[in-house]
Amino acid sequence: MDFGKLSDISLVNFTLPPDHPDTLPLLNRYKTGLPQRPKIHIGLPVWVNKAWVGELYPTGMKEKESLLWYGKQFNTIELNSTHYHIPGPDTIERWRNSVPQGFTFCPKFPQLISHEGPLVSSLDLTATFCEAISGLEDKLGCSFLQLPPYFGPKQLPDLEKFVQYIPESVPLAVELRHPDWFVDNVASLELFEVLERFRVSTVLTDVSGRRDVLHMRLTTPTAMVRFVGNGLHPTDYTRIDDWVAKIKVWLEAGLQELYFFVHEPDNTASPELATYLIEKLNKVCGLDVKPPKKFVKAVQGELF
């Protein structure tokens, strides 16, 4: 992900912002008296990377088997390929059958919908896309609509009409990038009220060059975080530590579901940082998310 990347991060304040004032009250409204097991999904933005063969994937693995082995290591994927084309039924079926129970795909809405004019002008295409990804059945996670930097507060009515059109069977989160959403308090309040009313989640993007988009406002009991690291720089790990502490607070307040996607330059190092995140979450939050395992040589062959 190139959005917000910097070549020099020495002056960046990576301190995680405090929660938006409405986030914890929102979570508390969803909290019940009965203990409930939160759904925790940790993954990457791709499943194909040749550098992972021999460590994350077995030596000699064919590239077409990447999703099969990815699904053994992680329980979700940020599905960016759908941003460029709508997959056909055969592709959807292949994806669904390649991963185990409990795995979820999080498809990004096609750019023809999100970037090519008013959202409401693409409702037919939106219906086609929603029907396509619904074929993932129980392996459909939270889809996300990444709006372009020029989609500002004046276009809120367009967004409001659009989110009403999305079927309830297709969970949705929205990622915003126009700076005015984060400096205009009235605009942000109106935006979050709309998203909360229609049970649409927000995407929190943690990236070096755009700290403003880390608005820390949840509008449903589902959080989606897109974390962009800097080549396993020491700050990548301290930032993850801060996120673990934050997630613990949210879980105690009533967070029901978390999607957390780890990006790194060319994503070669993403599994390492994602593993660190999972191990920290398990330790600090008392979770039991299965971390990925590296392949090792054994007498019988290659085993976990």
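This is a predicted model: local features need pLDDT of at least 70, side-chain atom pairs count only at pLDDT 80 or more; totals for chains, interfaces and linings use all residues.

Student: Fine. How many helices and strands does the secondary structure come to?

Tutor: You get 10 helices and 10 strands.

Student: And how does the radius of gyration sit against a compact globule?

Tutor: The protein has 19 Å, and a compact globule with 304 residues would be near 19 Å, so the two agree. Along the principal axes, the C-alpha atoms fill a box of roughly 65 × 45 × 40 Å.

Student: What percentage of the residues is buried?

Tutor: Buried residues account for 52% of the 304.

Student: OK, aromatics. How many pairs does the structure hold?

Tutor: There are 13 aromatic pairs. One of them is Tyr70 with Phe103, an edge-to-face pair at 6.0 Å centre to centre with 80° between the planes.

Student: Where in the chain do those two sit?

Tutor: In distant parts, 33 residues apart. Tyr70 belongs to helix H2 (residues 66–73), while Phe103 is in the loop between helix H3 (89–98) and strand S3 (104–107).

Student: Are they buried or exposed, and why?

Tutor: Tyr70 has 0% relative accessibility, so Tyr70 counts as buried. Phe103 comes out at 1%, and therefore Phe103 is buried too.

Student: Which ring forms a pair with Phe103 at 5.1 Å?

Tutor: That's Phe105. The planes of Phe103 and Phe105 are at 65°, and the cut-off for edge-to-face is over 60 degrees, so this pair is edge-to-face. Phe105 is at 0% relative accessibility, which means Phe105 counts as buried.

Student: What cluster do these rings belong to?

Tutor: One aromatic cluster made up of Trp47, Tyr70, Phe74, Trp95, Phe103 and Phe105.

Student: Which charged side chains lie over the face of a ring?

Tutor: Among them are Lys72, over the face of Trp69 at 5.1 Å from the ring centre, and Arg177, which lies over the face of Phe3 at 3.8 Å from the ring centre.

Student: Switching to pockets. How much space is in the largest one?

Tutor: About 510 Å³. The lining has 25 residues, and the ones nearest the centre are Glu168, Val170, Pro171, Leu172 and Arg199.

Student: Which elements give two or more residues to that lining?

Tutor: Strand S1 (39–44), helix H6 (156–165) and strand S8 (257–263).

Student: And how does the lining divide by residue type?

Tutor: The lining of the largest pocket has 12 nonpolar, 8 polar and 5 charged residues.

Student: Last topic, the backbone. Which residues other than glycine have a positive phi?

Tutor: Asp266 is one of them, with a phi of about 55°, and Asn267 is another, with phi near 65°.

Student: Why flag those?

Tutor: Because most residues other than glycine have a negative phi.

Student: Where are they?

Tutor: Asp266 sits in the loop between S8 and helix H10 (270–285). Asn267 lies in the loop between S8 and H10 as well.

Student: Buried or exposed, each of them, and why?

Tutor: Asp266 has a relative accessible area of 59%, so Asp266 is exposed. For Asn267 the value is 11%, so Asn267 is buried. The cut-offs there are under 20% for buried and over 50% for exposed.

Conventions
Residues are numbered from 1 along each chain as its sequence is written. Side-chain values use heavy atoms; hydrogens and water are left out. Rings of Phe, Tyr and Trp (its six-membered ring) pair if their centres lie within 6.5 Å; planes under 30 degrees apart count as stacked, over 60 as edge-to-face and the rest as tilted. Helices (H or I, at least four residues) and strands (E, at least two) are DSSP runs, numbered from the N terminus. Buried means under 20% relative accessible area, exposed over 50%, partly exposed in between (1.4 Å probe, protein chains only). A charge sits over a ring if NZ of Lys or CZ of Arg is within 6 Å of the ring centre and within 35 degrees of the ring normal. On a 1 Å grid over the protein atoms alone, a cavity is a set of points where a 1.4 Å probe fits but cannot get out, and a pocket is an open set with protein on both sides within 12 Å along at least five of seven lines; lining residues have an atom within 4 Å of a point. Grid points are joined across faces, edges and corners, and a volume is the space filled by probe spheres set on the points. Ala, Val, Leu, Ile, Met, Phe, Trp, Tyr, Cys and Pro count as nonpolar, Asp, Glu, Lys and Arg as charged, and the others, Gly among them, as polar. The radius of gyration is taken over C-alpha atoms; the globule rule is 2.2 Å times the number of residues to the power 0.38.
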